[in-house]
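Here is a friendly briefing to read alongside the model. Have the viewer open and follow along topic by topic.

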Amino acid sequence: MSLQATAKALVEPGKGILAADESHPTMEKRLARVGLSSSERVRRDYREVLMTAPGLSEHVSGVILFDETIRQSRSTGRPFAQGLLRAGIIPGIKVDAGTTPLPRFPAEVVTQGLDGLSARLTEYAALGARFAKWRAVIRIGDGRPTAGCVEANAHALARYAAAAQECGLVPVVEPEVLMDGSHSLERCSLVTSAVLHAVHDHLVRQRVDLTGILIKPNMVLPGTESGQDVGDDEIAAATVRVLRDTVPASVPGLVFLSGGQTPVEATARLDALNRTGAQPWELSFSFGRALQAPVLEAWAAHPEDRASAHAALLHRARMNGAARRGRWSRSLEPSTAG
Ligand code: 5MM
């Protein structure tokens with residue numbers, strides 16, 4: 001399949017991506033929150049539950065795996081990536097090596113993993129991956145982000161994207177501006193805009209084919225400590241304004257991260273985004289927590305009851321599938337949903 005065909009399949013209307021590429025430290029945190037300790041067996045079992053939900057492909061086009069997971073198999077012995085392909089779901093892989101402090105830029109980080117990247121990409125492609133993800137993390141704070149931090153991260157994202165395309169994998173380019181902080185919606189707008197401008201600039205300089213990538217942006221939101229109360233339509237309008245200024249129409253799709261929003265908040269805002277009228281790109285999802293949180297809770301409570309965990313995942317997938325078409329409504333959610 002060409003890069004363009006894979007990118008298009010990942011953002012097919014009514015579908016989106018399940019991000020299940022938590023690194024060990026993140027997985028440890030997520031499991032601890034539901035009272036479980038992290039081990040290779042527990043991570044495998046949990047991810048098997050995620051990837052064996054019957055009919056998952058109806059609203060999930062692709063799953064992003066972690067290095068450990070792409071080397072693991074289901075209890076039937078079938079490798080996870082092969083199981084996904086058989087189910088009509090496209091396997092992807094996280095290829096960054098996490099963040100590290102950016103020297104001389106206090107409290108700022110840069111994502112690492114460019115060394116040896118091409119060899120790893122080639123191996124992942126042989127293991128079944130068809131797309132790759134790299135996440136840059138940008139924090140808003142006093143005097144932050146600096147131009148130095150934005151440039152360093154945009155450069156790394158573009159270098160990774162070029163390498164992924166060279167190996168036949170669709171790059172999912174994720175420059176995440178975090179929600180943490182007391183900043184306003186307007187400040188998030190300005191920072192997201194500056195970051196996406198820099199990312200575009202570097203992608204072009206590294207000769208990345210924009211028709212064969214997906215961008216995984218944050219929604220434009222006020223900081224979690226801002227006290228600002230903003231409606232979903234306002235968030236959607238601010239987000240679309242920034243994206244129209246910074247992401248060319250040649251990019252086939254934008255797959256939003258959820259970033260710590262509750263599952264229902266993320267869905268409601270995706271729905272509002274898809275009600276903003278015709279846009280040049282597909283507006284889809286690549287949610288981690290907003291898809292998985294209820295599943296992990298259900299599974300941790302009753303590990304033997306896979307059906308309840310599956311139902312939780314399929315419900316969120318269906319809700320986000322509806323939001324992709326601007327057809328979600330709060331009445332579709334159980335009254336207890338957060
Ligand atoms: C699933 O989490 C991904 C991996 O995170 P770490 O490398 O920190 O372990 C993460 O990149 C995720 O894909 C994005 O942040 C989107 O997930 P959310 O939960 O924000 O939708």
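**Briefing: backbone, ligand shell and helix packing**

Pro145 sits in the loop that links strand 6 to helix 7; helices (H or I, at least four residues) and strands (E, at least two) are DSSP runs, numbered from the N terminus. This is a predicted model, in which local features need pLDDT of at least 70, side-chain atom pairs count only at pLDDT 80 or more, and totals for chains, interfaces and linings use all residues. Residues are numbered from 1 along each chain as its sequence is written, and side-chain values use heavy atoms, with hydrogens and water left out.

**Backbone points to check**

- The peptide bond between Arg144 and Pro145 is cis, with omega at about 5°.
- Arg104 has a positive phi, near 75°, and is not a glycine.
- You will find Arg104 in the loop between strand 4 (99-101) and strand 5 (109-111).
- As background, most residues other than glycine have a negative phi, and most peptide bonds are trans.

**Around the ligand**

- The ligand has 17 residues around it, and Ser23, Thr26, Lys133, Ser258 and Gly259 come nearest; a residue is near a molecule or strand if one of its heavy atoms lies within 4 Å of it.
- The shell around the ligand holds 3 nonpolar, 5 polar and 9 charged residues. Here Ala, Val, Leu, Ile, Met, Phe, Trp, Tyr, Cys and Pro count as nonpolar, Asp, Glu, Lys and Arg as charged, and the others, Gly among them, as polar.
- Lys216 places a polar side-chain atom 3.1 Å from an oxygen atom of the ligand.
- A polar backbone atom of Gly259 is 2.7 Å from an oxygen atom of the ligand.
- For Gly288, a backbone N or O atom lies 2.8 Å from an oxygen atom of the ligand.
- On its own the ligand exposes 500 Å², and the protein buries 91% of that; accessible areas come from the Shrake-Rupley method with a 1.4 Å probe.
- Strand 6 (131-138) and strand 7 (170-177) are the elements that give two or more residues to the shell around the ligand.

**Helix packing**

- Helix 3 (residues 40-51) and helix 11 (residues 289-301) have axes that come within 11 Å and cross at roughly 120°. Axes are lines fitted to C-alpha atoms, for helices over the stretch in contact, and angles run from 0 to 180 degrees between N-to-C directions.
- Helix 3 and helix 11 are therefore oblique to each other, given that angles under 35 degrees count as roughly parallel, over 145 as roughly antiparallel, 65 to 115 as roughly perpendicular and the rest as oblique.
- Helix 6 (residues 117-126) packs against helix 7 (residues 147-166) at about 45°, with the axes 9 Å apart, so helix 6 and helix 7 are oblique to each other.

How values were computed. A polar contact is a pair of N or O atoms within 3.5 Å; within protein, one must be able to donate a hydrogen and the other to accept it, and residues adjacent in sequence count only if both atoms are side-chain atoms.
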